[in-house]
Amino acid sequence: MTVSAQNTMPAGSAADHANADAANTSEPEGSVVIEGVTKKFGGAVAVDNISLHVRPGEFLSLLGPSGCGKTTTLRMLAGFEEPTSGSIHISGQDVVGVPPHKRNVNTVFQAYALFPHMSVAENVAYGLRQKGTPKSEIRERVSESLDLVQMRSFADRKPTQLSGGQQQRIALARALINRPAVLLLDEPLGALDRQLREEMQIELKLLQSRLGITFIFVTHDQGEALSMSDRIAIMRKGRIEQLDDADSIYDSPASAYVAGFIGQQNFLPGMMTSDLNVMESPFGVLRSVIPHPELEAGVDAQAAVRPEAVTVTATAGTSAATAPTAENRIAGEVLGVSHQGETLQFLVSIGDGQTLLSRVPRPTAPRLAVGDAVVCTWDATSVHLFPSEQATQAQADIARAVSNPAPPTSSISL
Amino acid sequence: MTTLTERQSASSPKAPRRRPRWMKLPSFALAIPAWAWLFAFFVAPVALVVWFSFGYKPGIFGTHANDVLSFDRYAEALSPTFFATFQNTLWVGVVGTLICLAISIPFAYWLAFKAPVSRRGILLAMVMIPFWTNFLVRTIGWQIILAPSGVLSEALQSIGALDEPLEILFTRTAVLIGVVYNYLPLMILPMFVAFDRVALPMREASKDLGAGRWSTLFNVTLPLAKPGIVVGILLVYIPLMGDYITATVLGGAKGNMAGQMVANQFQTAQNWALGSAMAVVLVLTILTTVAIAALISWLAAWPLRANQKLVLGDKS
């Protein structure tokens with residue numbers, strides 16, 4: 001447990017943490033501090049002792065497969081669930097036990113949850129009406145809010161007359177009208193098609209930087225998380241595996257799970273040598289530059305390398321002088337070539353039933369055919385070593401997550 | 001191999017097979033069975049009843065005659081003796097429906113939103129189980145409970161709540177208890193379905209936007225469940241107004257209802273003309289009260305609608 005708690009600590013927040021209790025009242029508007037929060041449903045643990053500090057004005061994503069606890073975490077922030085233990089502070093105020101309608105946060109729901117019996121304008125006005133805002137001010141602010149999402153001309157329609165993307169914008173305008181300190185978004189783009197989703201990603205990010213509101217965004221789509229977030233919290237089985245910005249998560253994954261979950265990864269098995277940067281494998285010696293703290297000489301390990309880090313060169317026709325130099329070299333035979341648009345992907349058999357995936361930008365890609373003898377090379381800096389057990393477990397979890405995409409949380413059965 | 005190719009060529013002709021033009025029917029043909037049923041078992045009998053109501057009873061052995069038409073049977077149906085029964089019926093119908101409403105709304109709400117999901121099946125079954133027993137048998141069961149020497153009376157006397165036997169059997173109160181008991185499930189079921197269909201995210205969105213429990217109930221939950229609530233009310237009020245079994249078994253002479261009166265005219269008195277006039281008065285009473293109730297509820301929701309209404313119009 002202490003390991004994951006440490007993982008959740010963002011760089012430089014140790015001081016914030018120490019001061020958290022003393023400085024509660026002086027916490028700036030829009031900050032979210034989750035401290036040791038656990039949520040159990042009956043005997044099942046949905047969220048397992050997580051701690052998370054969200055900075056004011058930050059775009060933070062909670063990323064993970066279905067059942068990892070990301071939606072439960074969001075619902076505890078909104079007030080729809082109460083934590084079994086732990087504390088939650090929003091803008092410095094302790095919100096445990098505060099009902100949803102008294103929290104200065106708003107939510108964009110997965111299936112939008114627009115009220116079908118009200119027009120678009122009435123939906124957007126709902127939050128202001130609950131506060132008893134005067135009608136003239138309501139008109140003005142609803143107009144403004146609809147302008148913000150470019151939906152002013154749809155004000156008097158019913159939500160059912162709008163497309164998914166338009167409903168999405170209305171849900172956003174409705175949630176933003178009360179000017180919350182924190183906006184919670186529960187897979188808001190999940191129901192949109194790919195192109196619209198990409199457009200909305202850009203718009204959401206622009207809106208967030210313009211308004212300066214803290215966004216907490218729940219998603220199972222790593223593309224969404226990587227493209228919009230200032231920081232990403234990768235969740236697994238109710239815990240936070242890693243909390244960092246997109247670059248760090250991609251380049252220096254804290255665990256085999258994060259390494260495999262974000263992007264693609266080749267995992268190669270082997271055994272650690274006395275040099276903790278070097279792993280002996282059936283395919284040759286593999287070198288890294290970052291030793292894993294849990295690894296020691298003689299234990300089983302797995303080396304992870306991304307397909308885009310692997311260069312493939314034909315063995316035939318290259319002399320020793322022209323052969324690429326790199327710390328890691330494995331010889332193999334091309335099993336398949338697939339065109340991915342801007343890249344070519346090679347599947348290389350390296351013996352022992354093991355394959356290696358390589359992705360090369362098209363202009364620099366070698367012309368290779370199935371059956372060609374090749375040598376795969378990559379730098380030691382792109383290799384991460386993980387204990388074998390952790391890597392196997394991570395790969396099994398990821399495979400399960402891929403085969404069970406997140407079900408819509410709105411489905412309710414009798 | 002040959003058989004396979006032959007079969008394939010036989011079953012997949014080059015062009016999709018078209019139905020000959022004469023076999024095509026206009027789309028309203030789909031509704032013909034329903035229209036036929038509605039006409040034969042609703043329109044025609046009602047028209048016949050209305051027609052009979054303008055006639056008279058020709059003699060001891062005749063049931064109806066229509067050679068002289070008049071409104072006399074209506075005057076007769078509304079004469080003081082019969083009018084009291086209509087008043088009584090209206091009282092039982094309205095009060096019974098209101099009691100059902102007062103029980104059904106909280107219960108259906110609780111069942112849809114608060115009861116544990118795993119128990120819902122059992123709870124719904126408990127609502128339905130009385131229906132497995134015959135209507136008449138269930139009503140006679142209440143006779144045993146409500147009788148002066150019955151279970152309820154004895155229990156109340158033994159705890160000292162009453163000094164003498166309970167005298168409510170064969171009164172309007174007994175009829176009221178009976179109809180509430182008999183019709184309650186008909187209201188609970190559609191209301192449960194209606195509340196259940198108000199998706200949880202809608203209610204959560206309302207709370208998220210700053211609405212408390214009551215505000216969420218009146219602004220979101222009830223408006224969205226309205227169709228089911230209306231169905232529940234109509235499903236209870238209309239058959240309740242025409243009910244005569246409950247009134248016969250539990251009401252006696254004091255708890256008379258219009259349904260009984262109509263049945264008496266047709267079966268015992270053999271006066272089809274008067275019975276028809278009474279039936280028409282009953283139908284008109286039901287239609288009028290439903291219209292009045294609709295108007296009242298529309299007016300009652302006026303402030304809420306006015307508060308909610310927001311039309312921005314075109315951008316200028």
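In what order do the six strands of the open sheet in chain A lie? The order is β6-β7-β8-β3-β9-β10, and the pairing is mixed. Two strands count as paired if DSSP finds at least two bridges between them. Helices (H or I, at least four residues) and strands (E, at least two) are DSSP runs, numbered from the N terminus.

The model is predicted: local features need pLDDT of at least 70, side-chain atom pairs count only at pLDDT 80 or more, and totals for chains, interfaces and linings use all residues. Residues are numbered from 1 along each chain as its sequence is written, and chains are lettered from A and ligands numbered from 1 in the order in which they are written.

**The sheet of chain A**

The edges of the sheet are β6 (105–108) and β10 (239–244) of chain A, each of which pairs on one side only. From one strand to the next the twist averages 20°, where axes are lines fitted to C-alpha atoms (for helices over the stretch in contact) and angles run from 0 to 180 degrees between N-to-C directions.

β6(A) and β7(A) run parallel and are joined by four bridges. Strand β7 (residues 182–186) of chain A also pairs with β8(A), in the parallel sense, over five bridges. On its other pairing listed here, β8 (residues 214–219) of chain A runs parallel to β3 (residues 59–63) of chain A, again over five bridges. Bridge partners in these strands are given below.

| Residue | Partner | Strand of partner |
|---|---|---|
| A:Leu183 | A:Phe215 | β8(A) |
| A:Asp186 | A:Val218 | β8(A) |
| A:Phe59 | A:Phe215 | β8(A) |
| A:Leu60 | A:Ile216 | β8(A) |

**Burial in the strands**

A residue is buried if 20 or more other C-beta atoms lie within 10 Å of its own, exposed if 12 or fewer, and partly exposed in between, with C-beta atoms placed from the backbone. In a regular strand the side chains alternate between the two faces of the sheet. For β7(A), five of its five residues are buried: A:Val182, A:Leu184 and A:Asp186 on one side, with A:Leu183 and A:Leu185 on the other. For β8(A), six of its six residues are buried. One side of β8(A) carries A:Thr214, A:Ile216 and A:Val218, and the other carries A:Phe215, A:Phe217 and A:Thr219.

**Helix α4 of chain A**

Helix α4 (residues 120–130) of chain A is largely enclosed by the rest of the structure, because 10 of its 11 residues are buried. Among them are A:Glu122, A:Asn123, A:Tyr126 and A:Arg129. The cover over these buried residues includes α5 (135–148) and α6 (164–176) of chain A, together with α14 (302–308) of chain B. After α4(A) comes A:Gly132, with a positive phi near 75°.

**The two chains**

Contact means that the C-beta atoms of two residues, placed from the backbone, lie within 7 Å. By that rule, 24 residues of chain B are in contact with 32 residues of chain A. On the chain B side, α9 (200–208) and α10 (213–242) are the elements that give two or more residues. The largest share, seven residues, comes from α9(B). By type, the residues on this side are 13 nonpolar, five polar and six charged. Ala, Val, Leu, Ile, Met, Phe, Trp, Tyr, Cys and Pro count as nonpolar, Asp, Glu, Lys and Arg as charged, and the others, Gly among them, as polar.

Chain A is divided into domain 1 (2–251) and domain 2 (264–401), with bounds from an automatic or database domain assignment. The C-alpha centres of the two domains lie 39 Å apart.

A:Glu333 belongs to strand β16 (residues 328–339) of chain A. A:Glu333 counts as partly exposed because it has 14 C-beta neighbours inside 10 Å. Leaving out residues up to four places away in sequence, A:Glu333 touches A:Val348, A:Ser349, A:Gly371, A:Ala373 and A:Val374. A:Val374 is 41 residues from A:Glu333 along the chain, and their C-alpha atoms are separated by 5.6 Å.
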